[in-house]
Amino acid sequence: MNKPATPRILVVEDNELNMEMTEGILNIKGFEVDKAYNGKEAVDRLLESVPGTYLMVLMDIQMPVMNGYEASTTIRASGRKDLELLPIIAITADTYSDDLKKIKVAGMNDYIAKPIDIDALVHILDTLL
């Protein structure tokens, strides 16, 4: 996967306050953020992107139009090798074992619990990137 000139992360979140907070953290860490407000927007943006555009996707689970599980499953099934390997991190308030199993089944690599813990986000960035 080619690295973009400016490291980009796609943040998929329907709550404006959560989006702003996540974007602020990522900007401080040196990342550019592209935004999608539901899973369908995320799928469309990724399928239209040049391979290597994004280093990671932070994907909310509960969203209108298409939830994070559906979006991640669609991304993984797209047939694009880069999207099969792209790290997708769930952002969720539901961290029960059944929810975490759904995250793995949908093809997501890991999760961050809401409200977003800055240290947890930085740890995942350091670990996966």
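Which unit do E1, helix H1 and E2 make? Together, E1, helix H1 (residues 16-28) and E2 make a right-handed β-α-β unit. Here a crossover is called right-handed if, with the strands pointing away from the viewer, the path from the first strand over the helix to the second runs clockwise. Helices (H or I, at least four residues) and strands (E, at least two) are DSSP runs, and they are numbered from the N terminus. The model described here is predicted, so local features need pLDDT of at least 70 and side-chain atom pairs count only at pLDDT 80 or more, while totals for chains, interfaces and linings use all residues. Residues are numbered from 1 along each chain as its sequence is written, and side-chain values use heavy atoms, with hydrogens and water left out.

Strand E1 (residues 8-12) runs parallel to strand E2 (residues 32-36), and the two pair over five bridges; strands are said to pair if DSSP finds at least two bridges between them. Arg8 has Glu32 as its bridge partner in E2, and Val11 stands opposite Lys35 in E2. E1 also pairs in the parallel sense with strand E3 (residues 56-60), over four bridges. E1 is mostly covered, as four of its five residues are buried. Buried means under 20% relative accessible area, exposed means over 50%, and partly exposed lies in between (1.4 Å probe, protein chains only).

With a salt bridge taken as a side-chain nitrogen of Lys or Arg within 4 Å of a carboxyl oxygen of Asp or Glu, the count comes to eight salt bridges. One of them joins Asp34 and Arg8, with 2.5 Å from N to O. Asp34 lies in strand E2 and Arg8 in strand E1, so this pair ties together parts that are 26 residues apart in sequence. Asp34 counts as buried, at 14% relative accessibility. Arg8, Glu32 and Asp34 are linked in a network of salt bridges.

Next comes the space inside the model. Rolling a probe the size of a water molecule over the atoms shows where empty space is left. On a 1 Å grid over the protein atoms alone, a cavity is a set of points where a 1.4 Å probe fits but cannot get out, and lining residues have an atom within 4 Å of a point. Grid points are joined across faces, edges and corners, and a volume is the space filled by probe spheres set on the points. A search of the whole structure finds one cavity of 30 Å³ or more. The largest cavity holds about 40 Å³ of space. Twelve residues line the largest cavity, and the closest to its centre are Gly52, Tyr54, Asp82, Leu83 and Leu86. The lining divides into seven nonpolar, three polar and two charged residues. In this grouping Ala, Val, Leu, Ile, Met, Phe, Trp, Tyr, Cys and Pro count as nonpolar, Asp, Glu, Lys and Arg as charged, and the others, Gly among them, as polar. Asp82 also forms a salt bridge with Arg80, the closest N and O atoms being 2.7 Å apart. Asp82 is buried at 14% relative accessibility, and Arg80 is buried with a relative accessible area of 17%.

Two details of the backbone complete the picture. Most residues other than glycine have a negative phi, and most peptide bonds are trans. Val65, in the loop between E3 and helix H3 (68-76), has a positive phi, near 70°. Val65 is exposed, with a relative accessible area of 66%. A cis peptide bond joins Lys114 and Pro115, with omega about -10°. Pro115 lies in the loop between strand E5 (110-113) and helix H6 (118-128).

Definitions and conventions
1 Å grid on protein atoms, 1.4 Å probe; cavity = no way out; pocket = protein on both sides within 12 Å on 5 of 7 lines; lining within 4 Å.
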